[in-house]
Structures are given as C-alpha cells and as structure tokens.
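This report covers selected features of two chains, from overall composition to single residues.

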Amino acid sequence: MLSFLKYSEFDSFWQELTCLTPYGKSEAEGQQVYTERTVLEHIWDQTQQALDYLKGQEGNSVLTNRLNYHLKRISRFPASSQPVYDEVEIFEIKKFLFNYRAIGKLVSASLVEQFSLSFELQPLLDLLSQGKQGSEAFYVVDEYSPRLLELREKLRQVNQQIDRQRQNQLELLASQLALNFGSREFLVIPRTYLEQYPQAHTQLLIEPYDEQQLMVRPLPSAEILRLQQQREELLPQERHAEDQVLQQISEAIKDHFAELDLYRQRITAFDLALARARLASQYQLTRPQIADQADSDLVITKGRFIPCERNCQANNLPYQSLDLVIDTPATVLFGSNMGGKTITLKTIAFLQLCVQTGLYAPAQYYSTRLYKHFHYVGEGGWREVIQGLSGFGSEICEFRRAWQDFSEPTLTLFDEFARTTNSREAEALISAILRCIAKLSQLTVLFSTHFRGVCRLDEVNYLRMKGLNQDKLGQLNQLWANPVKADLHESLQMINKYMNYSLQKDDGQWLDSDAITIASLLGVNEQICQLAKQYLTIVKAQTPK
Amino acid sequence: MDLLGALNRNVTAVIGLDRGSGKTTFLNYALPIVRQVGPVAVATIGAHQGPEGTPASASTPTVYLQAQDLAVTTLPLARTAAASLEILDLVPGRSSLGRLVIGRARRPGIVPLVGPEHLSNLAQAWQTIKQQGWAASILIDGAVNRVTQVSSLGNLQFVCTARVDYGNLASSTTLLAMLDQLSHLPLTSNLQPSTEALLSIQGPLVSSFLPKIPRNTEELSLEDFTKIFLSPSELATLTKRCKLSVRRQLRLACFVVALKGIGEKAFYQALGPDFASPILLNPFAANFCLANELEHSPEQGSHA
C-alpha cells in the first residue's frame with residue numbers, strides 16, 4: 001500500500017484536507033481507507049450536506065468565521081472514562097461542551113439533525129460553570145462546597161492580616177529606620193548605615209552584599225510568622241476540599257461519558273465533512289459512484305490527476321483529462337514515450353484513493369468498485385525498503401506480495417514491469433501473469449508496457465495512447481529548423497502540444513513509440529536521430545506481421 | 001521607574017547576561033510597577049535546571065502574583081500555588097513536570113513558573129494571552145546568555161539583566177556594549193539591492209563567513225542582530241569594514257545592572273562613552289540619605 005500511495009502522489013493532496021478540531025486532525029492523519037460501501041455512502045451523504053450548507057453560507061463570512069472559531073476551540077478530553085478527573089481534564093471537557101453547544105447554535109436546524117449535533121448535556125455544562133468563572137475556563141469555585149467557601153474565607157482573612165502586618169512593618173521601617181522597601185523584597189544599603197541605626201538588627205535580616213554594602217530584608221514579626229503558619233495549615237485543607245469537589249464533578253462526568261463520547265464522534269464527522277466539502281468545492285470534485293456488481297466496469301469521464309494538472313498550470317501547459325472504461329480484470333496499455341501511460345495509471349490510483357478515503361473524486365464522472373488491497377509494481381517500489389535488490393528483484397518482490405492478495409478484490413498497477421530485463425523474457429513473464437489473472441473478476445490489473453510481444457488473450461483489454469501527431473509535427477519540424485537550440489521548457493511545450501493523451505483500442509499492429517522523435521525534440525544530435533530512423537526502417541521490414 | 005514604563009502593554013523577555021544575574025528578582029521587582037496598567041502575565045522557558053543532583057523544582061523561579069494576574073506553569077504546581085489558579089487554557093507540549101496551563105490568579109500569592117521546552121509553544125502561549133486580552137502586559141523569564149531566543153519568540157522586546165563585580169567587569173561591560181551596539185543596528189534601507197554593495201545574509205553570521213564577504217561589500221544585511229555570532233573584536237573589525245544592518249529590529253527596553261563591589265564611576269568608565277542604551281542601575285539600592293552621606297546615590301541611576 002505504501003508504494004501505491006507514493007506512486008499515486010495522493011499524500012500531498014490529502015494534506016490539503018484541513019480539519020479544524022483536534023479530533024478531525026487525528027482522523028485525517030490516520031488516512032483510513034474504507035472498503036465498505038455503506039460507510040462511504042454515509043460519508044459522501046455527509047459531505048453533500050456540508051457542501052449544501054457551505055453553498056448556503058456563501059457571502060456570510062461572519063457566520064463562517066464564527067463556526068471555524070468554535071471548531072478550532074474544540075478541545076480534546078480523555079479518551080476513556082477516568083475514576084477522578086483533574087482540573088485540566090475537567091477544563092477540557094467544559095471547553096469541548098461550550099464550543100460544541102455554540103456550533104449547534106450556529107448551524108441550521110437541518111444540519112444539526114443530519115449530524116445529530118443537538119446539545120443535551122446542558123446540566124453537565126451548568127455544573128462545570130458554577131459561580132464566577134470564565135465560560136471556557138475552569139476553577140473549583142467556592143459555590144461547589146460550603147467547606148471550601150469557609151476555608152477560603154479564612155484564607156482570605158489570614159492573607160489580609162498578613163498584608164496589614166507587613167504594611168505596618170514597612171511603615172515602621174520607613175519611619176524608624178529610613179528604609180523605603182516599597183514592593184522590593186530586599187534593599188542594598190551601605191555598611192555605615194548600621195553605625196547610625198544600631199537598633200536595625202532587631203527589625204531586619206542582614207546579609208553581606210559586598211565589602212561596602214549589606215543586603216537587608218524585613219524581619220518577619222512573631223505575628224506574621226504565626227499567620228503564615230496558619231496559612232500553611234489552611235492550604236492543604238483547601239486542597240483536600242477541592243479534591244472532594246473534583247470527585248463529585250467526576251461522578252457527574254462519568255455518568256455522561258457515553259454521551260460525551262458520542263458528541264466527540266459527531267463533531268469529528270462534522271469537521272471531516274466540512275473539510276471534505278471545502279476540498280470538493282476547491283477542486284470541483286464530484287460524488288463517485290460505486291457499482292453494484294463486483295465485476296462491474298470502472299468508468300472514468302474527464303478524470304483529473306490533480307498533481308499533474310497543477311504542474312501543467314504552473315508551467316503554462318494544457319492538461320488533458322482522462323476518459324477510460326475498464327471492463328476486464330486485466331488491461332494492457334501501450335503507448336509512446338512521454339505519451340501519458342504512467343499518468344493514466346497514476347490517475348486511476350489517485351481517483352481510487354480519493355474514493356476509498358471518503359473524498360469526492362476529481363472527475364466529471366467516476367464509477368468504480370471497492371478494493372481491499374492496492375499494489376504498485378514498478379520503479380521505486382520495494383527497492384527503497386529492501387536494500388541490495390536490483391530493480392528487477394524489487395519488482396518481483398512487490399509482485400509476490402500482490403499475488404498473495406489476488407484472491408480478494410485488489411487493484412494492481414504494473415508500470416513498465418520488467419523493463420530492466422531481456423525484452424523476450426519480460427514479454428514471457430507478463431504473458432504468463434496475464435494468462436493467470438485474465439479471468440479473476442475480483443481483480444483490476446493494469447500493465448503499462450512497451451513490449452509489443454505480450455500474448456493476446458480475448459479476456460484482456462489492450463489499449464494504446466494515441467501519441468504524437470506525426471503529420472502536424474512533421475510540418476512544424478520544417479519550420480523549427482534546429483531543435484537543439486530550443487530550451488527544455490520549449491521542447492516540453494512542443495511535445496505537450498502535439499501529443500494526444502487519449503486512449504484507443506490496440507489492434508496489435510506495429511506501433512512506434514515516438515522515441516526517436518521525442519529524442520530529437522529534446523535536442524539529441526540530428527545525425528544520431530536520422531541514423532536511428534534508418535535502423536528502425538530495417539527492423540520493421542524484417543519483423544513478421 | 002520611568003525606564004520600566006516601556007514594559008507596560010508590551011511583551012518583554014527578560015534575559016540574563018550570566019547565571020545569577022537577577023532575572024527572576026527583576027521580574028518580581030517589575031511586576032507591581034507594570035501591574036499599574038492592568039493584569040500581568042508571567043511565563044518562563046522550559047523547566048529550570050538546578051545544580052546537578054537537585055530536582056528541577058528546587059530551582060523553579062517563583063513570582064508573587066495579585067488576583068487577575070496570569071502565569072504559565074504546570075498543573076501540579078498550579079494546584080499547590082498559593083495564588084489559586086483558574087485554568088484559562090492549555091499550552092501545547094508537555095513539560096517534564098506535568099501538563100502546562102495558562103492560569104489566572106484568583107487571589108494574591110506565589111506561583112512557581114514552568115514553561116514549554118519549545119519556544120514556538122511559548123510564543124503561541126503569549127500570543128493567545130494577548131489575543132484574548134487576558135493581560136495588559138506580558139513578562140517572560142528568558143534564559144541566560146541566549147539572546148537568540150528573543151528572536152524565536154516572535155515580535156517582542158527584551159530586557160537584559162547583569163550583575164557586575166570586579167571579577168567580571170571587563171567581560172560583562174564588553175558584552176553589554178556589544179549588545180547595545182547590536183540592538184541599535186539600523187534597518188536595511190533597500191531590500192532589493194540594485195548594486196553589489198549590499199550583501200544580504202539569510203542565516204547566522206559566523207567567524208568562518210567573514211573571509212567570504214566580497215571586498216566591494218558596503219552594507220551587510222542580517223535577519224536580526226541575534227544572528228551575529230562574532231566575538232567583540234571580530235565585530236569591531238567588521239563594522240570598520242562595512243555597515244551592518246538588520247531586516248528586523250529587536251527592541252531593547254533597557255539593561256538592568258546590579259553593581260557588586262564596584263562604584264558607578266568605574267562601571268561607566270568600563271562601559272565606554274559610546275554606550276547609548278538606557279540602564280536601570282542598582283534597582284535595589286535603598287533610597288534614603290544618611291546624615292553624613294548626603295552625596296549618596298539616589299534609589300536608582302539611569303543612563304541614556
């Protein structure tokens with residue numbers, strides 16, 4: 001699956017799925033591949049509902065911003081019920097509930113119904129919001145417990161007494177010792193000070209600072225020490241009373257944890273649906289169709305491989321979408337160099353991954369079936385995983401892995417399989433594979449290849465890319481006297497302009513790969529290209545029809 | 001006191017020139033002054049490590065907050081804080097001492113500070129505090145001798161504390177003078193040079209790069225001054241050769257210097273005549289006059 005994902009270049013597109021809640025983000029990071037039709041239909045129903053909602057909100061940026069604000073502020077809370085929740089966990093639950101409720105109030109009644117966003121946990125939110133505290137903050141307020149109220153009142157009084165004592169002490173130090181501490185915890189004074197105020201040591205803590213100066217702090221009075229001691233005794237009692245409140249609140253949360261968990265699932269689904277809808281809207285994606293029969297056709301009308309389309313736009317090149325019907329388990333795809341075989345395979349991989357990750361598809365119409373396994377066999381597959389294997393060896397390993405899954409619905413793409421070995425043996429291998437899989441209706445297997453000698457079976461669909469329009473290009477070549485001077489971008493534009501990326505049935509006749517023309521267009525020495533054409537003519541003449 | 005007016009309604013990182021330079025002491029000193037314009041939020045970077053073998057919590061800086069002030073700390077420390085914190089938000093990331101919270105003091109009291117290990121998380125925390133309007137001013141207890149952190153924390157100003165004695169007079173004043181010079185580097189005037197005279201550097205400026213600077217360079221532009229990793233002598237040589245400028249200025253609010261065993265005169269002499277930044281000198285010096293020492297310095301000196 002990993003090499004299939006990499007081949008499809010799907011990840012960069014998936015990164016654009018921007019969820020706003022932490023739950024949606026985690027779900028997106030998981031990139032789940034669905035194989036159940038009912039699950040996908042439900043996801044797409046929700047995507048459509050979100051799309052309808054977003055369409056209805058076009059121009060109402062205030063409401064959209066508020067909705068996004070509350071989605072972003074949805075907080076995580078513990079995944080499972082806890083015996084006792086601490087302040088942070090209760091804070092998370094309160095913040096979650098507050099924003100969940102706000103979202104339900106913002107969106108339409110129909111959307112609330114479709115996503116089951118109604119809010120039934122007001123009593124729990126009220127419990128978490130008692131007294132004077134921020135609507136999204138949490139504090140164990142006095143109102144939760146008479147004991148807590150009593151202890152905090154005592155603490156308040158003790159603190160006030162300590163403050164008063166300190167204030168009196170500072171005033172005395174200022175009047176009797178000429179020391180103005182203000183809000184400073186210590187002062188630095190000259191050592192000569194003690195000569196003038198010998199009684200200072202009865203009211204100050206004195207430490208040496210340097211050779212000339214001393215550091216002094218107010219010496220706490222017996223009364224201050226007594227009050228501080230009293231406060232030290234009250235603080236643990238307050239903590240204990242708070243713990244009892246947390247225990248009570250935890251009981252209430254535990255009673256409603258199942259509902260909380262449901263809310264979490266619903267907001268995740270809502271967030272994902274909105275993200276999918278935004279992506280669908282941005283890239284003009286359409287709802288895919290899943291065929292009823294397991295052996296039904298795969299139909300693509302104007303399918304787009306978004307990474308390539310984007311690349312073309314960036315380079316000011318026209319992009320040609322894909323029209324294709326696959327009605328056999330095995331398909332062989334021939335075609336020119338740079339004629340679009342790989343992009344065709346990648347488009348299929350991309351579309352299918354869109355479908356099975358719950359996205360709409362970048363196609364005017366895309367009807368498909370669901371696969372349990374995905375394989376890519378070709379360059380860059382396994383080689384990165386297992387060092388020491390040759391290109392051919394890694395392809396064979398990947399094929400072996402694919403073969404193990406062939407008893408179940410599997411989509412497998414062979415891109416130039418066995419291109420690094422002897423062409424006759426490669427043709428023999430591909431032919432053998434074709435013969436073995438041709439009637440396995442649970443499979444969809446596509447080969448792109450230059451090997452024209454693969455076996456011809458009735459059950460296999462043989463297609464070819466239309467390739468370069470040689471006539472038009474020939475006329476142009478006369479005008480374009482020296483291709484060597486053209487830069488790469490210009491050459492690519494030329495190839496792109498005269499290449500027909502659409503598919504047609506392959507009748508088994510000789511097919512030029514346009515390789516020599518492409519080489520010429522890309523600036524290979526003209527003498528070499530002419531000689532190559534002469535050799536090709538000889539080979540063609542010797543090849544039996 | 002006026003020097004600290006620059007801290008009002010601003011985000012300020014306090015960095016120290018060396019260990020024991022009095023960062024946290026200064027924070028506690030500045031808090032009541034800055035609080036005059038509204039609640040203050042206080043944060044720090046990471047969990048402070050004490051000497052080897054001591055638990056991190058033993059060296060955790062503490063601040064005395066008033067009700068409505070904010071602190072970034074961990075939940076376990078928030079629970080035991082005398083200031084009794086209301087949890088307003090969580091800070092991304094996790095400290096070795098527990099989950100990090102932004103808490104609001106419900107009553108006056110002490111709070112130990114612990115911050116996120118990653119500067120980006122701390123930057124996010126103060127931005128949240130600012131966006132939500134929870135505090136008028138924000139003070140960040142920065143790290144020692146790491147002015148580079150200031151740049152990573154976002155668009156804020158900084159205060160640099162130093163404790164200067166005879167032992168470190170030369171080295172400290174050299175560093176202070178260098179910081180003063182760097183913080184006054186002008187903004188690069190022309191970001192799209194039409195001539196080769198302006199050399200714009202994206203990364204840090206280190207010693208090994210100096211020989212690679214083309215001879216015809218008249219101006220060297222850096223992202224900000226924290227990207228300069230040169231010795232004072234290398235910097236002096238470079239500034240004689242070409243003009244240095246920055247694309248982002250970091251504002252230095254002031255230096256806070258406590259002198260130990262040396263007089264103001266010796267300190268200012270060592271600092272040199274070109275020093276241009278404001279200095280809050282000896283903020284803990286007593287403001288009184290002894291009958292026989294009328295010439296004694298006032299509560300705090302300032303130098304501009």
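The text below describes a predicted model.

**Chain B overall**

Chain B is made up of seven helices and 17 strands. Of its 304 residues, 55% are buried. Contacts in chain B with a separation of 6 or more come to 73% from residues 24 or more positions apart. The table gathers these values with the accessible surface.

| Property of chain B | Value |
|---|---|
| Secondary structure | seven helices and 17 strands |
| Buried residues | 55% of 304 residues |
| Contacts between residues 24 or more positions apart, among those with a separation of 6 or more | 73% |
| Accessible surface | about 13,200 Å² |
| Share of that surface from carbon and sulfur atoms | 51% |

**B:N121**

B:N121 sits in helix α3 of chain B, which covers residues 119–132. Because its relative accessible area is 12%, under the 20% cut-off, B:N121 counts as buried. Beyond the neighbours within four places in sequence, B:N121 has contacts with B:V91, B:P92, B:G93 and B:P116. With one of these, B:P92, the side chain of B:N121 pairs through the backbone oxygen, at 3.3 Å.

**Helix α6 of chain A**

In chain A, helix α6 takes in residues 87–106, 20 residues in total. The distance from its first C-alpha to its last is 28 Å, close to the 28 Å expected at 1.5 Å a residue. The helix is mostly covered, with 19 of the 20 residues of α6(A) buried. At its N-terminal end, α6(A) is capped by A:D86, which has a side-chain oxygen 3.0 Å from the backbone nitrogen of A:V88.

Technical notes: Residues numbered from 1 in each chain as written. Chains lettered and ligands numbered in written order. Predicted model: local features only at pLDDT ≥ 70, side-chain atom pairs only at ≥ 80, totals over all residues. Heavy atoms only, no water. Helix = DSSP H or I, 4+ residues; strand = E, 2+ residues; numbered from the N terminus. Buried < 20%, exposed > 50% of the residue type's maximum accessible area, 1.4 Å probe, protein only. Contact = heavy atoms within 4.5 Å. Areas by Shrake-Rupley, 256 points an atom, 1.4 Å probe, with all protein chains shown as cover. Polar contact = N/O pair within 3.5 Å; in protein donor to acceptor, adjacent residues only side chain to side chain. Expected span 1.5 Å × (residues − 1).
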